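Student: I am new to this structure. Please pick one part and look at it closely. Then tell me how that part ties in with the rest.

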Amino acid sequence: MAGTINKVILIGHLGDNVKMHYFEGGNSIGRFPLATNETYTNKQTGDKVTTTEWHNIVVRNKLAEICEKYLTTGDKVYCEGRIKTRQWEGEDGSKRYTTEIHVADMTFLSTKKELNTPQPKVESKPSENKQVETPKNETSTNEVEDDLPF
């Protein structure tokens, strides 16, 4: 393979709300921390241990505006992008570095705003003569399970 690849895929939870910065000309940039967790069992103690890794996420323009509008702390998202390391000068004059994930594609897996919206209530009383249909993805207790491998 002659080329190189810089691709990152993360699924995690927002650690803070999206912080926006708007530029002249209509461009914008949004930044937020994303937490990913790894859980394992300590072989010596038998305890479950969870470690959290924090990632600096950067989104631009339309995607940044959408993130600002719909995402809040704790929301779960799928992010796909590239790793970029930036160099900047600290207040004391020393060179500082930060590693960021510049996201190009994102899917909202859960949002607080989505969970807080009231769902319409449907009240229906099936008559005694009608049968209640079982949804296609659920099996009825009267049906016999097939032992097919798929």
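Tutor: Start at His 13, which stands opposite Ala 35 in β3. That places us in strand β1, residues 8-14, our part for today. Helices (H or I, at least four residues) and strands (E, at least two) are DSSP runs, numbered from the N terminus.

A word on the ground rules. This is a predicted model: local features need pLDDT of at least 70, side-chain atom pairs count only at pLDDT 80 or more, and totals for chains, interfaces and linings use all residues. Residues are numbered from 1 along each chain as its sequence is written, and side-chain values use heavy atoms, with hydrogens and water left out.

Now the neighbours of β1. Two strands pair if DSSP finds at least two bridges between them. β1 has 2 bridges to β3 (residues 28-41), and the two run antiparallel. Another 6 bridges join β1 to β5 (residues 76-89), again antiparallel. In that pairing, Ile 9 has Glu 80 as its bridge partner. Further along, Gly 12 is partnered by Val 77 of β5.

Stay with Gly 12, which sits in β1. Its relative accessibility is 2%, so Gly 12 counts as buried. Buried means under 20% relative accessible area; exposed means over 50%; partly exposed lies in between (1.4 Å probe, protein chains only). Contact means heavy atoms within 4.5 Å. Leaving out residues up to four places away in sequence, Gly 12 touches Leu 34, Ala 35, Thr 36, Asp 75, Lys 76 and Val 77. Take Asp 75: it lies 63 residues from Gly 12 along the chain, yet their C-alpha atoms are separated by 8.2 Å.

Leu 34 links several of these pieces. Beyond four places in sequence, its contacts include Leu 10, Gly 12, His 13 and Leu 14, and also Val 77 and Cys 79. Cys 79 belongs to strand β5. With a relative accessible area of 1%, Cys 79 is buried. Its own contacts, counted beyond four places, include Val 8, Ile 9 and Leu 10, as well as Leu 34, Val 103 and Met 106. Cys 79 is also 6.7 Å from Thr 107, C-alpha to C-alpha, across 28 residues of sequence.

β5 and β6 run antiparallel and share 14 bridges. Lys 84, for one, stands opposite Glu 100 in β6. The hairpin of β5 and β6 has 5 residues between the strands, and there Gly 93 takes a positive phi near 90 degrees.

What do the side chains build? A nonpolar core is a set of buried Ala, Val, Leu, Ile, Met, Phe, Trp, Tyr and Cys residues joined through side-chain atoms within 4.5 Å. The largest one has 18 residues, and Phe 32, Leu 34, Ile 57, Val 59, Val 103 and Met 106 touch the most other members. β1 gives two or more residues to this core, as do β3, β4, α1, β5 and β6.

Helix α1 (residues 61-70) has Leu 63, Ala 64 and Cys 67 buried. Seen down the axis, these fall within an arc of 100 degrees, so they line one face of the helix; the arc is that of the directions from the helix axis to the C-beta atoms.

Last, step back. The chain holds 2 helices and 6 strands, in the order β-β-β-β-α-β-β-α from the N terminus. Of its 150 residues, 24% count as buried.

How far can you trust it? pLDDT is the predictor's confidence in each residue, from 0 to 100. The chain averages 82, and 73% of the residues score at least 70. Among the elements, β1 has the highest mean pLDDT (97), and helix α2 (residues 112-116) the lowest (58). Over residues 118-144, pLDDT stays under 50. Where pLDDT is low, the predicted coordinates should not be read in detail.
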